[in-house]
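Let's take a look around this protein together.

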Amino acid sequence: MQDFCQQAYAWNLDYIVDVHGNSQAFYYTQDTNYYHTKAGTGPTYSYVRASRLARVEYGMRAGSELTAKAPMVVHLGYTGRCEQGTSCATGNDVPYEQFNCPTATNCPVQAPTFYTHYRLWTVISQTLVGSSYGNADVWTLGHSMPNPGDGTRPALWLLSVIHQGADTTTTGLPYTVALADKGWKQACRDDKALALGLNTHGGNVTNAPVAEAHGVASIELADVLG
């Protein structure tokens, strides 16, 4: 009698068709891990620890997805939870250090664990122009791991969102490159035009007209950038 079998722990939505025949397709990136079965006495197996939405294609017609490019696409980019300006000095909110087994060799983990050690970093929308895609909008997300101060593990908090419009030429590319190379704060310090795209930070509004329109107080952008 078989005493072990691999099973799916979750299912991902990958295709939608509405009543009018419009369709959307969803694509994922998988995070894999290993664990040692039977309390460390059995074989070591690979499994899918998490799935992250990587791309959404939409504006298509049902049945034409494999023969024509999608008119519009959204790409989601990720980085490590403790990378690109996010400090985990007070701890990490996922058990990556305890349960990470990237290879089958000398894996001490004896049960599958399900989590992702990545965080959403960029969202890029694109439209089909001729036969190629051009960027329409770019969002860059900043996060923090604030110390809760009560001895418990910190949690990942959304710290800031930078939204910039793009075009189908290369004029918007330097902003994207600067954000990727320097992180959002240093890139905004170095480029005032880019800094003006920062509207919120740490739950506060940095754009005075936006704050006024919503009846809330604003903070100075210079205080955020330091």
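Arg-55 is partly exposed, with a relative accessible area of 24% (under 20% would be buried and over 50% exposed, using a 1.4 Å probe and protein chains only). You'll find Arg-55 in strand S3; strands here are DSSP runs of E with at least two residues, numbered from the N terminus.

Before going on, keep in mind that this is a predicted model, where local features need pLDDT of at least 70, side-chain atom pairs count only at pLDDT 80 or more, and totals for chains, interfaces and linings use all residues. Residues are numbered from 1 along each chain as its sequence is written, and side-chain values use heavy atoms, with hydrogens and water left out.

## Who Arg-55 touches

Leaving out residues up to four places away in sequence, Arg-55 touches Ala-25, Phe-26, Tyr-27, Val-73, Val-74, His-75 and Leu-76 (a contact means heavy atoms within 4.5 Å). Thr-29 sits 26 residues from Arg-55 in sequence, while their C-alpha atoms are 9.0 Å apart in space.

The side chain of Arg-55 also has a polar contact of 3.1 Å with the side chain of Glu-57. That term covers a pair of N or O atoms within 3.5 Å; within protein, one must be able to donate a hydrogen and the other to accept it, and residues adjacent in sequence count only if both atoms are side-chain atoms.

## The largest pocket

How much space lies in the largest pocket? About 310 Å³. On a 1 Å grid over the protein atoms alone, a pocket is an open set of points with protein on both sides within 12 Å along at least five of seven lines, a cavity is a set where a 1.4 Å probe fits but cannot get out, and lining residues have an atom within 4 Å of a point.

The pocket's lining has 15 residues, and Gln-7, Ala-8, Tyr-9, Ala-10 and Val-48 lie nearest its centre. Strands S2 (22-36) and S3 (44-61) each give two or more residues to this lining, with S3 giving the most, three.

## The one cavity

Searching the whole structure turns up one cavity of 30 Å³ or more. The largest cavity holds about 40 Å³ of space, and its lining includes Gln-84, Arg-119, Trp-121 and Trp-184. Strands S5 (118-129) and S6 (132-144) each give two or more residues to that lining, and the largest share, three residues, comes from S6.

Methods. Grid points are joined across faces, edges and corners, and a volume is the space filled by probe spheres set on the points. Helices (H or I, at least four residues) and strands (E, at least two) are DSSP runs, numbered from the N terminus.
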